[in-house]
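Biologist: I would like to go through this model with you, piece by piece. Could you take me to a helix end to begin with?

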There are 2 protein chains.
Amino acid sequence: MHDMKALLTDLYELTMAAGYWQAGKSAERATFELSIRRLPANRSYLLATGLEEALAYLLDLAFNPPEIDYLRSQPVFSQVSPGFWDYLSRFRFTGDVWAVGEGTPVFAGEPLLRISGPLPEAQIAETYLLSTITFQTLIATKAARIVEAAAGRGVVEFGTRRAHTPQAGVLGARAAYIGGCMGTSNVEAGYRFGIPVYGTAAHSWTQAFDSEPEAFCRLQQLLGDRTIYLLDTYDVEAGARNAAAVGQPFLGVRLDSGDLEAQSRLVRRILDDAGYREARIMASGDLNEQRIAALVRAGAPIDWFGAGTELATSADAPHLASIYKLVEIERGGQPRPTAKRSADKPSWPGIKQVFRGPGYDIVGLECESFAGAAPLLEPVVERGRRVAEPPALSQIRGRARAQLAELPAACRRLENPEPYPVRYSEKLQALCAQLGASR
Amino acid sequence: MHDMKALLTDLYELTMAAGYWQAGKSAERATFELSIRRLPANRSYLLATGLEEALAYLLDLAFNPPEIDYLRSQPVFSQVSPGFWDYLSRFRFTGDVWAVGEGTPVFAGEPLLRISGPLPEAQIAETYLLSTITFQTLIATKAARIVEAAAGRGVVEFGTRRAHTPQAGVLGARAAYIGGCMGTSNVEAGYRFGIPVYGTAAHSWTQAFDSEPEAFCRLQQLLGDRTIYLLDTYDVEAGARNAAAVGQPFLGVRLDSGDLEAQSRLVRRILDDAGYREARIMASGDLNEQRIAALVRAGAPIDWFGAGTELATSADAPHLASIYKLVEIERGGQPRPTAKRSADKPSWPGIKQVFRGPGYDIVGLECESFAGAAPLLEPVVERGRRVAEPPALSQIRGRARAQLAELPAACRRLENPEPYPVRYSEKLQALCAQLGASR
């Protein structure tokens, strides 16, 4: 993968940047807000995630000479005056960012991120910020649902092989950890973020030896009491007996196919009878929050769940209606609120803040305040520099856990959850009406 | 994004590699095959894509000292003898790869890729290969469906902002181009792969000026006759009149919300009446193959479609049941076919080949041949080196187009397509029965 990120964007961000520059608007201050227009089915909250990667992009953003040469060669830029390329070669993000902290539950219509700065700088960031924040928020939210379903049993994220590229697997693993998973199988996520990594052996391991007993003995020699035996290469019952027959302490066993409830009961009995009462049972194989909840309800003796494909792709809701909208723009030296007013996709004008009270949110204008409700968006970048050190991942994960626990259970319900009460302030509604009427 | 890819894998690939090494099996030759176990709803073919990225990974794969230090620090490796780390520091892929060419239609159960080499080398590649090939195949297939629905009208891929990371947007754009899209909005995909890039302006452009007429004039000054005006920032009808009122030649207009059929008719009339009969109408906004087919059936005067979210995430089928299975392993110096035999997820043993005849496929053993049917898997890497130059992207795209056209229309139908006839050879079935019976 090419190392630079400047061209990881939609072409129109760059044609617009050229146009703003050409129209003498490259120093005009603009504010964009990133929000999720509406939530997918069976979601009444989202876990905001992706800020760190978004800021890393923003603060690193620069165009190198081969990238600029490529752009200059595109017919769409043929009428751009050469000064724009000088501008682009010196381009850095010099604006401000306000954001909701990673791991915070948020709701439809609430800005998660607000970028203010010279118009082209705030514009160019749109595509990358939308993509990375939408995806990571999607996965953190899916993980929170799966962890909720597991009701205290551990969940390990296993989905890199089905993630939308291995690179998505890494950021997805981080998001899943924030959402409450105990760790991941993705080694790069462990290396980069310090997330606990898990994994012992696949079916191929068992096949690679002359017999399952030999394969299990060899695994035990490698991993000692950390061994988890995968039981379903040939036959689960025989697999469980072979695991016990190794005769050494081991951490557990994994089931990866078939009727997980029946198999877990069978295997539990075999392990208990052989004196391995402490050995854990892990289950995997196309698990999602519904299937995990059903296994938990049935009392299946499963200690850990491995969640792969469904988690790594947020399979029931693989995208979010994320938007990045211009809400304020300088005109004649004065900041003016603005909004798109298409019939079915309007947006809210003005620089906004989310005020979180006990059991409700208010989306209002930045200048407002509400007794008992604290502002959620905080400054993270000022004039192109980070305001503070990024929080530790453990802190983000702890915040998610604590704040999710405060949501009403009806909001966290896996199916048909109740919407969380979010209202728009009177001032914001008045501004919106005024802008609509003024056209 | 960290530049190296060696840790973009599941931990168990590396624990198994350590175990194979420790068990003296690191020189034993093994063969794995990558296939798709079953197809998602409404798919009866897939467009194999991702081979180039897969080979780039495989031929580059190496572990650097900080990566090895990280692995050594993991408790799961605490019993591994130090020689393994020397082995890993010298690790390169030295095996062979056979593959179906990118842009080839394939069916459930057919190997797309076959890796033969020393056991740990072929094992370690599993996670990355599955992820990148599954994802790209998913998107190329979704693109082919959307292009089919567009029935000759152009389709541009617009989905990076909703792709599962911007990096997935790049590889997705390439896959969509192979699947028949005319280009992408993703600039990096243009830069890296030479794919045509498209894009003019967003709603924020229109909002950033004092009025829509001013915004349109400025856009025309920037883009000349390549201008595409976005009409739905405030009101589509007024937008169309404002576009015509600029009074200069332009390429077209874009509609991004509302009733696209009604709007396209209204806008066509306004443009025609103003003498802009050549101006194209582009439509976008949550389009998928069903919505595009409905617009085409209704005769909406739309020339180009922009497909974003639904394409970039393959929203109706965001994952494939891809597997990477050990099919042959050396035992006592002799190659021996092997398979996993779990009750509900069995796999087919032996080194296989896909034989493509006119109107049917046969999955058989590599050593077989069938009159009138040509082998689909070809050698692409021998002893760690590419056999030939990679085909040009235009050639891959042309292959996809030609071979899709040869599929029966009933197989390409958007809903409830007929399965393509694929049979398993008698020798393969016999081998499978023999292995099953021999346990």
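Modeller: Helix 13 of chain A is followed by Gly299(A), which has a positive phi, near 75°. Helices here are DSSP runs of H or I of at least four residues, strands are runs of E of at least two, and both are numbered from the N terminus. This is a predicted model, in which local features need pLDDT of at least 70 and side-chain atom pairs count only at pLDDT 80 or more, while totals for chains, interfaces and linings use all residues. Residues are numbered from 1 along each chain as its sequence is written, and chains are lettered from A and ligands numbered from 1 in the order in which they are written.

Biologist: Which residues of helix 13 of chain A are buried?

Modeller: Glu289(A), Ile292(A) and Leu295(A) are buried in this helix, which spans residues 289–297. A residue is buried if 20 or more other C-beta atoms lie within 10 Å of its own, exposed if 12 or fewer, and partly exposed in between, with C-beta atoms placed from the backbone.

Biologist: Why do the buried residues line one face of helix 13 of chain A?

Modeller: Seen down the helix axis, the buried residues fall within an arc of 130°, so they line one face of helix 13 of chain A. The arc is that of the directions from the helix axis to the C-beta atoms. In general, an α-helix has 3.6 residues a turn, so residues three or four places apart point the same way.

Biologist: And what covers the buried residues of helix 13 of chain A?

Modeller: The cover includes helix 6 (126–150), helix 12 (260–273), strand 10 (280–283) and strand 11 (304–307) of chain A. Contact here means that the C-beta atoms of two residues, placed from the backbone, lie within 7 Å.

Biologist: Back to phi. Which residue other than glycine has a positive phi near 50°?

Modeller: That is Ala151(A). Ala151(A) sits in the loop between helix 6 and strand 6 (154–157) of chain A, and Ala151(A) counts as exposed, with 10 C-beta neighbours inside 10 Å. Asn42(A), also not a glycine, has a positive phi of about 60°. Asn42(A) lies in the loop between strand 1 (29–36) and strand 2 (46–48) of chain A and is partly exposed, with 15 other C-beta atoms within 10 Å. As background, most residues other than glycine have a negative phi.

Biologist: How is chain A divided into domains?

Modeller: The assignment gives domain 1 (11–124 + 321–437) and domain 2 (147–312) of chain A; such bounds come from an automatic or database domain assignment. The C-alpha centres of the two domains lie 39 Å apart. Twelve residues of domain 1 of chain A are in contact with 13 residues of domain 2 of chain A. On the domain 1 side, the largest share, five residues, comes from helix 15 (residues 393–406) of chain A.

Biologist: New topic: how many residues of chain B are in contact with chain A?

Modeller: There are 92 residues of chain B in contact with 92 residues of chain A. Helix 1 (residues 11–22) of chain B gives the most to the chain B side, with nine residues.

Biologist: In which sense do strand 14 and strand 15 of chain B pair, parallel or antiparallel?

Modeller: They pair in the antiparallel sense over six bridges, and Val354(B) stands opposite Val363(B) in strand 15 of chain B. Their hairpin has two residues between the strands, and Gly359(B) there takes a positive phi near 85°. Strand 15 and strand 19 of chain B pair in the parallel sense over three bridges, with Val422(B) as the bridge partner of Asp361(B).

Key. Pairing = 2+ DSSP bridges.
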